[in-house]
Amino acid sequence: MEQGKLYYQDCHLKTFQATVLACEHTEKGYEVLLDQTAFYPEGGGQACDTGTLDAVRVLDVRERQEQVVHYCDGPLTVGQRVTGTIDWDRRFDLMQQHTGEHLLSGLIHDRFGYHNSGFHVGAQVMEVDFDGPIDPQALSELEQQANALVWANLPVNCFYPSPEELPTIGYRTKRELPWPVRIVQIPGGDTCACCGVHVGSTGEVGLIKILSCVKFHGGVRLEMVCGSRAYRYIRDVFDQNRKVSQLLSAKVLETATAVEKLQQSFHAEKFRATGLEKQVFDAIAESYRDAGFALCFQPGLDGGSVRELANRIASVCGGIAAVLSGSDEEGYSICLASTGEDVRPLGQATVQALNGRGGGKPGAFQGTLRATKGEIETFFKQ
Ligand SMILES: [Zn+2]
C-alpha cells in the first residue's frame, strides 16, 4: 500500500531516482507516471508537492486510481531514468503546519470531544474549524500544551493496522474510511486517521501560535501558524512593536500601557480644545451681533465645528449665518443657519451656483462647495 510512495517511507526525502512509466500530453500539460515518487499528491487537506523531474517542472500532483500523476510543463521519455527534486521549503512548511494542527486537534478532541470540521492551509495562515465553542482561557492553555508536546520531541508514527487491530485503536475520525486505514500516532499527543505527510518528530514543528478564534457554524474557526511561519509572524509583530515602543519611548513589553496613557491624554486635550473652541466661537459670534446676514470664513474646522459656529452666530446676528472652512484648492465646507428663516432655498441656490452639494432642515443647511473664496464672496454679495 506504500509501494512506490517514497513520501510515506521517508518524509525527509528531497531527491530520488525513478523510471518514467508513461508520459501523456493532455490539456493539463504532460501527465507523467513514475515507478516510484517522493512527490506527495494533494489529499487529506494537504496541498501537493511541486518541484522538478530532471529539467522539467512539476506543477501539480494528483492521485488517480491509486496512481500518482505528475503534471509537468514538458515531456519525458518512457523508460528514461530521471532525478526528482521536490521543493523542500514548501513541503517542510506544509508538514510543520499539518503536524502542528494534529497536536492541537488531538488536545481539543481529548478535552472537549470536538472534531476538526474543516482544515485549510493558506499562503499565510492555516484555518482549522472545530464543532464546538472554546473560550479564550482554554485556548491559551491548549496552545501551551500543544507547544509542550512540540518540545517533548515525540515520534510521529504512521502505520496500517490489521482489521482486527483497528477497532482497538482509539483514533480521531469523523467518517467511515475506505480500507486500508492509515493511522498517524503521536504517543501522548494524537491518534488520527490521516493520509497526509508529517514531520518525523514533533520537535520539527518548532512552535505553534494561535492567532485568532472566531465563532463559525456553531463552533469556532481558529487561525494558527506553526514552525517557520510562527517564527516569521512573531518576528514581524516584534519589529512592529519595537517601532511603536521607540515612538512612545516605552519598553517593548509596556507599549499597551503607554498607548493607554497616550489615549487618556488625547481625550483630555480634546476636551480642553472643545472648551477653548467654545470661547473662541462665542467671541466670533459676538462680533456679528445684530449684523443681519453674516458671512464668516474660519480656517481648520471640521463639519461639526462649522455647524456649531454657524448656530452661535445665527443666535445673535438676527439673520442668516453662513460659516465656511476650507481652501480654494480643496473646496469649502459650509453651514447656513438661522433661528427664524428657512435656510434651505438659499442653501440649494448656493450649491447650484458654486458647484457643490448639500442638504438640511429649515434652521440649518450643510454642504460642500467646489469654489474659491472670491467666488463665494461674490455670490453672497448678490
Ligand atoms: Zn495528518
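Trainee: Which residues of α5 and α6 meet each other?

Mentor: On the α5 side they are E277, F281, D282, I284, A285 and E286, and they meet S305, E308, L309, R312, I313 and V316 of α6. Two residues are in contact if their C-beta atoms, placed from the backbone, lie within 7 Å. Please keep in mind that this is a predicted model, where local features need pLDDT of at least 70, side-chain atom pairs count only at pLDDT 80 or more, and totals for chains, interfaces and linings use all residues. Residues are numbered from 1 along each chain as its sequence is written.

Trainee: How many residues of each class does the contact of α5 with α6 have?

Mentor: Six are nonpolar, one is polar and five are charged. Here Ala, Val, Leu, Ile, Met, Phe, Trp, Tyr, Cys and Pro count as nonpolar, Asp, Glu, Lys and Arg as charged, and the others, Gly among them, as polar.

Trainee: Why are α5 and α6 called oblique to each other?

Mentor: The axes of α5 (residues 255-286) and α6 (residues 303-317) cross at roughly 40° and come within 9 Å. Angles under 35 degrees count as roughly parallel, over 145 as roughly antiparallel, 65 to 115 as roughly perpendicular and the rest as oblique. The angle of roughly 40° falls among the rest, so α5 and α6 are oblique.

Trainee: What angle do α2 and α3 make?

Mentor: Helix α2 (residues 88-112) packs on helix α3 (residues 136-151) at about 125°, with the axes 9 Å apart. On the α2 side the contact is made by L103, L104, L107 and I108, and on the α3 side by L142, Q145, A146, L149 and V150.

Trainee: How do the residues of the contact of α2 with α3 divide by class?

Mentor: There are eight nonpolar, one polar and no charged residues.

Trainee: Is A193 buried, exposed or partly exposed, and what makes it so?

Mentor: A193 has 17 other C-beta atoms within 10 Å. A residue is buried if 20 or more lie within that distance, exposed if 12 or fewer, and partly exposed in between; A193 is therefore partly exposed.

Trainee: Where is A193 placed, and what does A193 touch?

Mentor: A193 is in strand β11 (residues 190-193). Not counting residues up to four places away in sequence, A193 touches Y171, T173, L177, V181, R182 and I183. A193 is also 21 residues from R172 in sequence and 6.4 Å away in space, C-alpha to C-alpha.

Notes
Axes fitted to C-alpha atoms, helices over the stretch in contact; angles between N-to-C directions. Helix = DSSP H or I, 4+ residues; strand = E, 2+ residues; numbered from the N terminus.
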